[in-house]
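I opened the model today and kept short notes. Here is what I looked up, entry by entry.

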Amino acid sequence: MRRVLLPLLGLGAVLAALPRAALAQTAGSPAPLRICLLSGNEEPIYRSNENLAALKTWLEANHPFTCELVRPVGDGARFDDIDALARADAAVIFVRRKTPDAETLAAIRKFFSSGRGVVALRTASHAWQNWPEFDVEVLGAKYGSHSGAADSLRFVDPDHPLLAGALDLLTHNDIYRYELRRQPPALQVLLEGDNAKGSHPVAWTTEHHGARIFYLGLGHNEEFAKPAFLRLIANGLFWVNRRAVPGAELRVERTYMADAAPSAFAIGFANGVSFCYDPVRGGLNYVWDGGFVNLAPVRPGMGKLIQPAGLLGAVVYRERGAAPLRHGDPARVPLVQFQGYRVGDNLIEFHYTLDGATVREEIRPRPNGDGLTRRFRFDAPAASWWYLPGPQEGAPLSAPAGQPEAGGFRFDVAAGGEFTLEIIFRKADA
Amino acid sequence: MKKLVVFFALLDAALAAYRIETVPLPSSLRGGISAVAFTPQGTLVLATRYGEIWMQAPATKAWRRFARGLNEPLGLHAESESVVYAAHRPEILRAADTDGDGRADDFQALGGNWGLTHNYHEFFFGLRRDRRGNFYGALSLESTGDKARIDPAQTRGPLDTNPVLTPSFHRSETRYRGWAVQIAPDGELVPLASGLRQPNGVGLSPDDELFVTDNQGDWKAACGLIHVERGDFLGHTSSVKWEPGYRAEDVTVESLWRRCKGPAVVFPYGPMGVSAGEPVWDLTGGRFGPFGGQVFVGDFTSLIMRVALEKVARAWQGAVFAFLGRNDLPAYVEGERLTPGGTRLAFAPDGSLYIGQTGGWGGGADGLQRVTWDGRAPPEVLAMTLTARGFALTFTHPMDPATLARPENYEFDRFRFYYHAIYGSPWIDEARVAVQEVKVEAEGRRVELALADLQPGFVYQLSVTALRTARGEPLANPTGYYTVNRLRSGEVAIGGTTRLPRPGEFTLETRDAPAERTETTEALVAAGEKVYRLYCVACHQASGRGLPGGAASFVDDKSRLAQSDEQLLQSIAKGIDGKGMPAFAASVSPGQRRAVLAYLRAAFGDKTNAKDADKPE
């Protein structure tokens, strides 16, 4: 694989992290995810040992997950196999007010700084008596006790992939009060509960040390009997691992985007990786990771002044060159004419002409969620093509079949041929 | 027994005619209804401002979301259950379901060779398709309302920031902004006509002639229905810079005024709404009532107008009457009232009229309504046509011969407008025109009226409140406006129904009516009521309760009239920034503003509440 290495800017912790599954990087379906189910809430209304055991059975029967259930020993100073955390790609935490011993706490802290995904349930915000700032530090919100029974639940962003197939979730159990300590895009509320005392965040996504976190503030015994609740947990596990959530739709918005021509595309994949496509420039302008877009600035009503859509995630790749795809002469800027697009199963294909030659550019997430694959197909005779991304930031652009040339790649493409580019923004760790 | 006779007489009176009902929308639909269409198979298709396209199966009434992610679609052409064309900001988008799952997966761009930036006001209105497959749409001007200069780095196509003549609040800094355009089936763009401002309605006549409604503003004295032909200049100056061979030094106000093609039918601001929408032709074959072949236009205020076009000396002109929304007494309209925001109309295959409503353009509510006819003709002026000496009126009912024969029962007032760079225009050169002769024909269903004077270049207001049907009923909508651009003889006025202001002429003080200068409250209030009914009623409503989410309610929000006279006069003159309240300084004189304020205080002010406000809680 040839690769043009470019300065990595602003990636921070994202690149430090590596799910084990990323090691099994193949073109086909990725390896099953290993999930640690960490139990530690024996309250009769929660019974985490039993509920997580049932969850394990359900997850393994329905999804490509292998689960290890880890239970507290005695008063919870230790767990029966805390090392399972280190083996896992992601964890479900359902623990309440435990005081792990120093060695156990170290293993737990290590996991939460490893970049692995977390689905935290209900009492997880006050899981550790000797790590009281866990709620603010990891979950991004200060736990504030009970608020009473929910009258109704509201899905703040019903099209979020994490919510696919779970929109019929209802509860009348107690919900918590939280003081959110992060603002969008660092934290995105997905579910709010309303009761006489007001509106309270019930579920949200956030990030900690490059790890995706999904907090779901429900978990009474009866919730575990609800398909929508189980679906949310499974969706959460896909999502925190950047795997496409089954049943989630590709999100497409033609709107006003920063650093792009007017009426650019925001495309959100079912794994929470999104990109901006500029139909005038004729290329992908940037990729971000996490949530999708906030369109409120583009829809001001009578306020009239419009602002670009807000990105609900961190930009992990950016390129800026004019008309990046060239043919014939890499120095000549071609005429790009946008023709349309086609949406498929978690992929999109843009159609345009380049000096009259038809180009189809398919963009899809890599199966293990570590980046994007861009596949260019041509309705043209054999020719040399160049891809010149121009000034770049973030992850490198790589090209399995390209020759580094002119600040980009050259491809010698047969008639009716194609080439691919990869943007890989998460690396497997050593 | 006598009671029973009265009851039957009422039933027979044939008053109720139209029923308005709300059409329930799917709960996950987002954004106001920005386009309504039907496929040839009868499937209802909607677009929303937030970029969704929905379909409702005619038999099951089940909804499905056909497409999403469009950029503010404002028009639709529904070819079939699997192919829909949408007019959205960047282009025409052909959305097709190629795998039969009911949702579009293939999107093809057509046209799109017009300018596009980040300016919020770059709407693309449409969408109509003629028999040859050509599409028609219209591009709004950019607005300086956002006070943001256009960033050249975020501009599609050329950018030209030079004003034409004087800087306008509405500008055409990128290509073909303010133009009506044709897009060929292969996507080729043919710019047709310049001079549009906010052309929020594109229609094709049954003969594939293009009509566009435009909105009042600078260089636009009033809203109206404009007949568009290739090469026309339609009034607003900003867009002429994109005409081939344009040279700034050649252009003067007078040269543009001489070229300006005014509306075929002017919609006088106030009585005929404030913001006209899409024109649709009644081709229902009588299933929507007696107005077959006429044009219906929805206005942003709760109003649907009815336009009767005719060709006079080879050009279209005609009359406009209110249809629904001005006199919706229970006797004429059943069910609900019109919701404001309804600028999108479409006739369903069953002959009912659907109205798509959009908030967010200054009040109004998002929604969908449907109007059905119950088979009884409302008492109305069916048509108003120009004759050599005046006008002929036909009626939907036989009229009472006694009221019909009296010349004084027909009040004609004519007026015209300024062609100028100021928002809107006062009605100028107003005059009462006497009816000299009335000829009753067709057993009281038609009259011919000879006027004392008939000149081209004026709007003629007709008021027939005194007429009665043979059964003694008044007309549902007794006021109409005929735009006389031409006489039967072929005599044509330059500049449509506008003229240039004479040097130093346009000072508002010169046109205060005597009653508006009066100090006696009663006379001032009476004068103010007339002003209110002309300019304010469309948004604030006769009840003073305004529009939900839009124009203020003086009744429910007492803080409005708690403001000082000075504050309120300022709001009337200058408008309210960021709200729908326009500036009336150009169209309402200072005397009229004082009068309307006196009326507001008399009609809606609440003295008892002022006392209550001092009470401790």
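In which hand does helix 1 of chain A pass helix 5 of chain A? I noted first that this is a predicted model. Then I checked the pair: the crossing of helix 1 of chain A with helix 5 of chain A is right-handed.

**Entry: the helix pair.** I then listed who makes the contact. Helix 1 of chain A gives Leu55(A), Trp58(A) and Leu59(A). Helix 5 of chain A gives Leu230(A), Arg231(A), Ile233(A), Ala234(A) and Leu237(A). I sorted these contact residues by class: 7 are nonpolar, none is polar and 1 is charged. Arg231(A) is the charged one, as Arg counts as charged.

**Entry: chain B against chain A.** Next I turned to the interface. I found 36 residues of chain B in contact with 28 residues of chain A. The two chains bury about 2600 Å² between them. Carbon and sulfur atoms carry 49% of that area.

How many salt bridges are there between chain B and chain A? I counted 7. Polar contacts came next. Across the interface of chain B and chain A, the rule finds 12 residue pairs, with both residues at pLDDT 80 or more.

I also asked which elements of chain B give two or more residues to the side that touches chain A. They are strand 8 (91-96) and strand 9 (106-110) of chain B. Strand 9 of chain B has the largest share, 4 residues. By class, the side of chain B that touches chain A divides into 11 nonpolar, 15 polar and 10 charged residues.

**Entry: backbone checks.** I looked for cis peptide bonds. The bond from Pro184(A) to Pro185(A) is cis, with omega near 5°. I placed Pro185(A) in the loop between strand 10 (174-180) and strand 11 (187-195) of chain A. In chain B, the bond from Gly126(B) to Leu127(B) is also cis, with omega near 0°. Leu127(B) lies in strand 10 (residues 124-129) of chain B.

Last, I looked at phi. Asp355(A) is not a glycine, yet its phi is positive, near 50°. I found Asp355(A) in the loop between strand 21 (347-354) and strand 22 (357-365) of chain A.

Notes: Residues numbered from 1 in each chain as written. Chains lettered and ligands numbered in written order. Predicted model: local features only at pLDDT ≥ 70, side-chain atom pairs only at ≥ 80, totals over all residues. Heavy atoms only, no water. Left-handed = near helix turned anticlockwise from the far one by under 90°. Contact = heavy atoms within 4.5 Å. Buried area = accessible area lost by both parts, 1.4 Å probe. Salt bridge = Lys/Arg side-chain N within 4 Å of Asp/Glu carboxyl O. Polar contact = N/O pair within 3.5 Å; in protein donor to acceptor, adjacent residues only side chain to side chain.
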